[in-house]
Amino acid sequence: MGRRRSFCFSPMQLFLFFSGLLLIPTLSSISSRSDREALEIGIGIGIGGGPPPPEAQPRMPPSSPQRPRPQPQPQPQPRPCDFENILQYRAYFVIQRFKRTITCDPMNKTNTWRGFKLCNNDGDGYQGFYCETPPNRKNMRTIASVDFNGFKLGAPTVSRFVDQLPDLALFHANSNNLGGTVPFLRTLPFFYELDISNNDFSGGFPVNVLPLVNLSFLDLRYNSFASTLPPSVFLIQTQVLFLNNNKFYQQIPANLGSTPAAYITFAYNDFTGPIPSSIGKACETLIEILFLGNRLSGCLPYEVGLLKKATVFDAGSNQLTGPIPLSFGCLVKVEQLNLAGNQLCGEVPDVVCRLAKYGNLVNLSLSDNYFTSVAPSCISLIHSNVLDVRKNCIPWLPHQRSPEECAWFLKLPRVFCPNAQIIPCHLPWEGRDELDSSASSSPAVDGGRDKSPASGYTTYKALHHHDKP
């Protein structure tokens with residue numbers, strides 16, 4: 001028999017053996033759980049049994065990196081050496097700043113406002129900008145004139161533009177869509193002409209023009225200014241004062257005669273009260289004046305007869321009353337005399353009608369009043385169309401008011417006009433033979449309420465409205 005092998009184990013070995021036996025169920029459990037999880041994962045990806053997985057969504061190819069958009073190259077900043085002189089360099093920035101505020105430019109005028117050649121004197125610069133050398137400079141042309149007439153530009157304001165061109169002499173902007181108020185211009189030492197007619201300016205009278213006592217041309221017509229008229233407007237040394245077609249109201253200031261203006265238009269506002277008697281003080285300067293289309297009332301001042309240089313006097317379409325003063329016979333240079341559309345009455349004076357023979361009168365519009373007779377010298381003027389007395393109360397003439405209208409007027413209290421009989425001059429025909437003059441046979445010039453205004457006179461031209469966009 002072989003020898004039996006005996007096994008001897010130390011106590012430590014026995015401990016390790018039995019400890020291993022105790023761990024076998026735990027390891028089996030771990031192995032079983034791992035297999036189950038693996039099975040579940042397999043099912044989820046289509047391994048083994050179970051329902052098929054949902055259809056996989058197509059994967060988008062990785063997007064290529066987007067190319068950055070090309071950035072506009074910054075324009076080189078202009079330098080003083082790019083311009084004719086430092087004055088034009090400074091004006092460039094003022095013009096460009098105003099250009100950015102333009103809201104409407106239907107004629108593409110601002111397309112020319114680029115580059116470094118500002119002066120358009122030869123037609124090859126910024127349209128509307130013209131250069132001259134200021135009196136205090138030598139060989140340094142700069143912007144002296146801005147002429148936007150008819151450009152139809154739209155902008156909310158001209159502030160920080162006109163007032164920032166320090167050598168500007170005139171600003172003409174007729175027929176645009178400019179708005180706001182007139183900026184402070186007193187800092188411009190050479191400024192002498194302002195035309196902002198036919199625009200969208202509003203508010204009260206633009207008081208910033210009042211300090212410009214050396215302004216020779218002021219045109220505010222066809223805007224929406226609405227206020228009383230400041231008396232100091234007649235202290236401006238202007239030759240032209242156009243205020244027509246606004247909303248000025250209340251009385252014309254009493255110092256009207258202080259104005260040195262030769263051409264004045266108050267037409268088509270809302271002035272009330274009388275024509276100031278001080279008008280006679282303007283006898284050495286006043287040539288044409290229009291009061292047409294307001295609500296003026298009271299008597300015609302006899303001082304009008306002192307206007308020895310006047311060629312146009314138009315007070316048609318108002319509420320003036322009383323007779324025509326005999327002093328009007330002194331208006332030897334008057335060509336257009338329109339008093340139509342008032343409440344004048346009495347007889348058409350002989351001394352006034354004689355102006356067609358011994359003066360320059362070619363149009364005497366007295367229609368739509370309440371005259372009851374005409375002097376003998378007036379009859380020939382009716383036949384030659386120099387005198388228009390339609391729609392009056394002259395019984396033996398055609399085209400007169402109805403008897404009812406005339407009776408109504410004659411029942412009103414009679415208006416007394418002092419000084420209506422004063423003749424403050426030597427009448428031109430006194431001591432002369434009555435010879436026909438060319439004026440007595442001249443055709444009537446259309447004027448006043450009855451016909452289209454005469455177009456050959458400065459003030460009547462101011463009544464022409466230029467269309468805007």
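In which strand is the place of Asp314? I find Asp314 in strand β16, residues 312-314, a strand being a DSSP run of E with at least two residues, numbered from the N terminus. I note that this is a predicted model, in which local features need pLDDT of at least 70 and side-chain atom pairs count only at pLDDT 80 or more, while totals for chains, interfaces and linings use all residues. Residues are numbered from 1 along each chain as its sequence is written, and side-chain values use heavy atoms, with hydrogens and water left out.

I looked up the burial of Asp314: it counts as buried because its relative accessibility is 0%, where buried means under 20% relative accessible area (1.4 Å probe, protein chains only). Its side chain makes a polar contact with the side chain of Asn338 at 2.8 Å; such a contact is a pair of N or O atoms within 3.5 Å, and within protein one must be able to donate a hydrogen and the other to accept it, with residues adjacent in sequence counting only if both atoms are side-chain atoms.

Next I followed the pairing of β16, which runs parallel to β18 (residues 336-338) and is joined to it by 3 bridges, two strands being paired if DSSP finds at least two bridges between them. Val312 stands opposite Gln336 of β18. The open sheet has 12 strands in mixed pairing, in the order β1-β2-β4-β6-β8-β10-β12-β14-β16-β18-β20-β22. Its edge strands, β1 (129-132) and β22 (387-388), each pair on one side only.

Key: Helices (H or I, at least four residues) and strands (E, at least two) are DSSP runs, numbered from the N terminus. Buried means under 20% relative accessible area, exposed over 50%, partly exposed in between (1.4 Å probe, protein chains only).
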